[in-house]
Amino acid sequence: MEKKKKNIGFNIIKDDPTDGHRGFGAGALSLENVSPVIIDVEAGEAFVDMGAMHARSAVERGIKFLPNRDEVPNGKPYWIVWVTIEWREDGPYYAGVTACEMTVDRETRRGYKLLPEHVNRLDKSLKRHIIVEHMDEKSKRVLADFLKQHDMEMWNRSSDELKKGLEGE
């Protein structure tokens, strides 16, 4: 009889993990309200790709990522932005927005990103932080426009910190 290993890795738990039972995974953070928005810096486009939750977005697939930027001199620049949506009495809003740098060279199938930074920024987004000040101005505008087009009311309910961070006002 084959013994099945219990996976105590990263769990994505739908619904409330503590309603009813106190078993395995109880109290784990739910990642249900986080979406990875990928910004193609050169194209000036933003799109959601849920595959990025496990480093398997269309941009990342088939790429070997290296932690040294110099090893990917011709990398095309991207941002992965972790967007957390929270609900208040007056409705949903963008609560956590944190950006991570990434470059991809399709030709050599190599890319640059710092995995610990991506994990930490995802965590910061879940904890309602806004970390966008290191983004280039064009990408900030692309992200602001994307969030507004997705839902202007959510944008309006979001913090001044987010609006100032992306629009500089």
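How many bridges join β1 to β2, and do the strands run parallel or antiparallel? Four bridges join β1 to β2, and the two strands run antiparallel. Strands pair if DSSP finds at least two bridges between them.

This is a predicted model, in which local features need pLDDT of at least 70, side-chain atom pairs count only at pLDDT 80 or more, and totals for chains, interfaces and linings use all residues. Residues are numbered from 1 along each chain as its sequence is written, and side-chain values use heavy atoms, with hydrogens and water left out.

**The β1–β2 hairpin**

β1 and β2 form a hairpin with four residues between them. Gly44 sits in the turn and has a positive phi of about 65°. Val37 has Val48 in β2 as its bridge partner. Helices (H or I, at least four residues) and strands (E, at least two) are DSSP runs, numbered from the N terminus.

**Helix α2**

Helix α2 covers residues 137-150, which is 14 residues. From first C-alpha to last, α2 reaches 20 Å, close to the 20 Å expected at 1.5 Å a residue. The expected span is 1.5 Å times one less than the number of residues.

Which residues of α2 are buried? They are Ser139, Lys140, Val142, Leu143, Ala144, Phe146 and Leu147. Buried means under 20% relative accessible area, exposed means over 50%, and partly exposed lies in between (1.4 Å probe, protein chains only). An α-helix has 3.6 residues a turn, so residues three or four places apart point the same way.

The buried residues of α2 pack against strands β1 (34-40), β2 (45-48), β4 (76-88) and β5 (91-105). They also pack against helices α3 (152-157) and α4 (160-167). Contact here means heavy atoms within 4.5 Å.

**Salt bridges**

A search of the whole structure finds nine salt bridges. A salt bridge is a side-chain nitrogen of Lys or Arg within 4 Å of a carboxyl oxygen of Asp or Glu. Side chains of opposite charge can pair when their charged atoms come close.

| Pair | Closest N to O |
|---|---|
| Lys76 and Asp40 | 3.0 Å |
| Arg69 and Glu101 | 2.4 Å |

Take Lys76 and Asp40, which form a salt bridge. Lys76 lies in strand β4 and Asp40 in strand β1, so the pair ties together parts that are 36 residues apart in sequence. Lys76 is partly exposed at 26% relative accessible area. Asp40 counts as buried, at 8%.

Arg69 pairs with Glu101 in another salt bridge. Arg69 is in the loop between β3 (64-66) and β4, while Glu101 is in strand β5, so this pair ties together parts 32 residues apart in sequence. Arg69 is partly exposed at 41% relative accessibility. Glu101 is partly exposed too, at 26%.

**Rings and charges**

The structure holds zero aromatic pairs. Such a pair would be rings of Phe, Tyr and Trp (its six-membered ring) with centres within 6.5 Å; planes under 30 degrees apart count as stacked, over 60 as edge-to-face and the rest as tilted.

Charges do sit over rings. The charged end of Arg88 sits over the ring of Tyr93, 4.1 Å from its centre. Lys113 lies over the face of Phe65, at 4.5 Å from the ring centre. The cut-offs are NZ of Lys or CZ of Arg within 6 Å of the ring centre and within 35 degrees of the ring normal.

**Positive phi**

Most residues other than glycine have a negative phi. Ala55 has a positive phi of about 55° although it is not a glycine. Ala55 is in the loop between β2 and β3, partly exposed at 34% relative accessible area. Arg109 also has a positive phi, near 60°. Arg109 is found in the loop between β5 and β6 (110-112).
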